[in-house]
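Here is a briefing on one protein chain, grouped by topic. Keep the structure open while reading.

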Amino acid sequence: MNEEKVIIEIGDKTLELSTGKLAKQANGSVLGKLGGSSVLSTVCCSTDINPQLDFIPLQVEYNEKYYAAGKIPGGFLKREGRPKDKEILVSRLIDRPMRPLFSKEFMREIQLIPTVISTDTIHPPDVIAMCAASACVFISDIPFDGPVGAVRIVKVNGNHVVNPTFEEIDRAELEIIVSGSLEGITMVEGGGKEVSEEDLIDAIEFAKPCIQSICEAQVELAKKVGKEKLDLVAIDKYEDESKVKASVNDLLTEACFILGKSKRSEAIKKIRNDYIARLEEERGEEIDDDEKKVISGLIHDLEKDIVRSSILNNKRRTDHRTPTDIRPIACEVEVVPHTHGTGLFTRGETQALAFVTLGTAMDAQIRDDIDGDRKEHFMLHYNFPPYSVGETGRLFTGRREIGHGHLAFRSVEPILPSKEEFPYTLRIVSEVLESNGSSSMATVCGSSLSLMDAGVPIKKAVAGIAMGLVYEDERSYEVISDILGEEDHLGDMDFKVAGTKDGITGFQMDIKIKNISSEIMKHALSQAKEGRLHILSEMNKCITSPKEALSPHAPRILSFNVDPDKIGILIGSGGKTIKSITEKYNVQADINDSGLVTIYGKESQAADEALKTFQQLLEEPEVGKEYDGVVKRITDFGAFIEIIPGKDGLCHISQISKQRVNKVEDYLQLNQTIRVKIIEIDRLGRVNLALVNLIDKKR
């Protein structure tokens with residue numbers, strides 16, 4: 001096959017998608033290029049059909065190679081290992097808009113591997129990978145209801161920029177990744193610095209023509225090189241489908257509205273088991289597992305129809321709420337002792353307990369990847385143990401935990417104080433204790449409570465809410481607030497929005513239908529704002545502002561600025577001065593090239609004393625100043641006393657006592673601390689001292 005390519009002009013940049021040169025044995029292979037960044041995306045499917053599959057067995061394994069940036073991996077192992085958090089997050093970005101476009105009737109395993117093989121560290125490779133991933137599947141022989149296009153949109157100085165550079169992203173007040181098909185938008189994810197709902201809609205609208213161009217280019221490429229699609233596996237219609245639904249309809253209609261997640265689930269499960277038992281009794285034989293699976297699927301489909309119909313026609317949800325109702329909320333701080341800050345947020349059957357830990361600069365997260373080495377002073381880790389849904393299972397950090405934690409991270413980060421204002425490293429850990437709908441947004445709320453409990457001077461409280469949609473057509477739809485887990489599963493949209501009273505800080509939207517209109521999106525955002533403000537008002541009943549004092553268990557961090565030319569005075573020859581001060585007061589000290597001096601101590605008094613000592617080093621000795629000096633050397637004519645680290649003065653024998661002193665050792669001892677005053681600085685800069693309180697008599 002000869003190499004074929006399509007070129008798409010997006011803003012002031014060019015995206016190129018080509019195929020036919022690399023990885024030709026894959027079912028589909030596309031190389032995406034933008035600037036100096038390139039991503040090779042391949043897709044393969046298994047040759048064997050597995051008729052037992054009732055889900056889409058799709059694996060997306062986005063990976064970044066260090067050679068792409070001309071780097072060798074840091075650390076002991078010099079080979080790329082387990083996926084980094086960023087690679088997992090990009091894999092999810094690719095997976096979410098594409099997965100609904102594969103057919104369950106394909107019944108083969110599918111593996112999609114986008115690999116970053118070159119990066120200029122200017123243009124982010126993630127959106128290139130999203131486009132190349134769609135293109136390689138679309139031109140392959142794997143059935144796919146695509147194509148899908150994706151762009152990143154930022155707003156910088158009031159202007160929208162498509163597929164910005166890393167530098168433009170850093171300066172942006174709004175950053176979103178938008179994915180869509182020829183029909184419309186299917187996914188949005190991003191964050192902002194308290195942006196308005198209108199700003200978010202404008203950015204999405206700005207992305208639409210760009211996505212359209214990318215999808216059209218993929219169609220053009222497929223016309224040139226596209227393969228004939230493999231056959232789907234026809235699923236036989238169950239001949240007793242109408243009988244199953246008619247038999248359980250009334251019972252299921254009642255069971256779907258039993259209050260309580262577990263009670264409702266058990267009731268539906270009992271209806272299924274009872275029906276299968278009656279059927280086996282009628283036939284006089286046991287039903288095989290395949291038929292049981294089909295019956296379970298039919299009952300699930302009926303449950304979905306009942307719930308959706310109730311929401312659309314009766315405005316009644318499974319827990320009896322209206323579409324706009326928020327579940328009861330309870331908030332609490334100071335939940336456990338000895339932690340630096342805690343926040344317990346409960347909303348209905350969803351509960352998150354967030355812990356804040358304050359650390360020093362040495363606790364910062366070091367990142368080593370193809371984007372460059374850096375340190376992060378804020379971390380948010382999300383845990384979803386199996387007991388949160390009443391199940392057993394393994395304790396591990398999966399892709400779900402990484403994704404939900406990142407959404408909460410970007411929702412909370414904009415409200416944090418700057419490192420200059422608050423020089424601590426912050427780590428939040430959210431333990432999801434119960435889950436029935438949007439534990440990631442409960443994590444945002446719990447994190448806000450815990451930060452205020454810890455005394456972190458956050459700008460404002462932040463809260464989050466998950467929105468859903470039941471859609472029949474543009475005239476018949478219902479946006480629902482604070483969705484349950486089953487409403488997420490049975491509905492057409494999962495839209496999470498987090499923010500303060502003044503604007504949005506984080507959002508994530510997944511649409512399970514081909515497109516929703518701008519009007520529906522505006523409706524959902526407006527309803528989400530009302531819900532968010534309600535949640536914030538409930539949180540305010542618990543705590544309204546950060547505590548004035550930090551936890552007594554938190555470390556103390558003090559800082560001041562010094563002229564960079566005087567840094568050497570604080571460090572001393574071979575680090576002798578800074579080492580002596582840190583050892584004396586049991587603190588840690590960090591001095592950066594700009595002259596920022598930061599002191600970390602477990603005890604506030606020790607940190608204060610170390611700060612005072614460092615500042616004294618910078619003082620110019622003046623006649624009349626008093627110091628707590630340390631006797632360093634004794635001679636026949638007096639004692640040399642260190643008034644500040646590295647600076648000694650002479651206390652002459654005549655300035656020790658009112659009485660005649662024959663021997664200095666009779667009055668002073670080595671390493672003795674004593675109050676002295678500067679009485680003279682001669683023209684050579686030598687300091688002469690006198691004891692503030694002369695010793696009256698011999699020891």
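Strand E13 (residues 341–347) has seven of its seven residues under 20% relative accessible area, so all seven count as buried and the strand is largely enclosed by the rest of the structure. The model is a predicted one.

**Salt bridges**

- Glu-626 is partly exposed, at 37% relative accessible area.
- Its salt-bridge partner is Arg-675, with the closest N and O atoms 3.3 Å apart.
- This pair links distant parts of the chain: Glu-626 sits in strand E26 (residues 626–635) and Arg-675 in strand E29 (residues 673–681), 49 residues apart.
- Arg-675 is also partly exposed, with a relative accessible area of 33%.
- Asp-494 and Lys-496 form another salt bridge, and their closest N and O atoms are 2.6 Å apart.
- Asp-494 is buried, at 8% relative accessible area.
- Lys-496 is buried as well, at 6% relative accessibility.
- In helix H3 (residues 166–171), Glu-167 and Arg-171 lie four residues apart, about one turn of the helix.
- Residues three or four places apart in an α-helix point the same way, because the helix has 3.6 residues a turn.
- The side chains of Glu-167 and Arg-171 meet in a salt bridge of 2.5 Å, N to O.
- Glu-167 is partly exposed, with 44% relative accessible area.
- Arg-171 is partly exposed too, at 41% relative accessibility.
- A network of salt bridges links Asp-319, Arg-321, Arg-327, Arg-347 and Asp-482.
- The whole structure holds 47 salt bridges.

- Strand E12 (residues 329–333) runs antiparallel to E13, and five bridges join them.
- Leu-344 in E13 is the bridge partner of Glu-332.
- Strand E14 (residues 350–359) also runs antiparallel to E13, joined to it by seven bridges.
- Arg-347 has Thr-350 in E14 as its bridge partner.
- E13 and E14 make a hairpin with two residues between them.
- Gly-348, in the turn, has a positive phi of about 60°.

**The open sheet**

- Which order do the eight strands of the open sheet follow? They run E9-E8-E10-E11-E22-E21-E19-E20, with antiparallel pairing.
- Strand E9 (159–162) and strand E20 (476–481) are the edge strands, each pairing on one side only.
- From one strand to the next, the twist averages 15°.
- Six bridges join E20 to strand E19 (residues 463–473), and the two run antiparallel.
- Tyr-471 has Tyr-477 in E20 as its bridge partner.
- Helix H2 (residues 126–138) packs on the sheet and touches strand E8 (149–156), strand E10 (174–180) and strand E11 (185–195).
- The direction of H2 makes about 155° with that of E8.

**Nonpolar cores**

- The largest nonpolar core has 128 residues.
- Ile-94, Ile-176, Val-412 and Phe-495 have the most contacts inside this core.
- Helix H4 (residues 197–225) gives the largest share of the core, 13 residues.
- Leaving aside neighbours within four places in sequence, Val-412 is in contact with Phe-378, Leu-380, Ile-428, Val-444, Ser-447, Leu-451 and Val-462.
- Another core, of 27 residues, lies apart from the largest one.
- Among the residues of that other core are Val-244, Tyr-275, Ile-311 and Ile-480.

**Helix H6**

- Helix H6 (residues 261–283) has 23 residues.
- From first C-alpha to last, H6 reaches 34 Å, close to the 33 Å expected at 1.5 Å a residue.
- Its buried residues are Arg-264, Ala-267, Ile-268, Ile-271, Tyr-275, Ile-276, Leu-279 and Glu-280.
- These buried residues pack against helix H5 (241–255), helix H7 (289–314) and helix H10 (485–490).
- Gly-284 follows H6 and has a positive phi, near 75°.

Technical notes
Residues numbered from 1 in each chain as written. Predicted model: local features only at pLDDT ≥ 70, side-chain atom pairs only at ≥ 80, totals over all residues. Heavy atoms only, no water. Expected span 1.5 Å × (residues − 1). Buried < 20%, exposed > 50% of the residue type's maximum accessible area, 1.4 Å probe, protein only. Contact = heavy atoms within 4.5 Å. Salt bridge = Lys/Arg side-chain N within 4 Å of Asp/Glu carboxyl O. Pairing = 2+ DSSP bridges. Core = buried A, V, L, I, M, F, W, Y, C linked by side-chain atoms within 4.5 Å. Axes fitted to C-alpha atoms, helices over the stretch in contact; angles between N-to-C directions.
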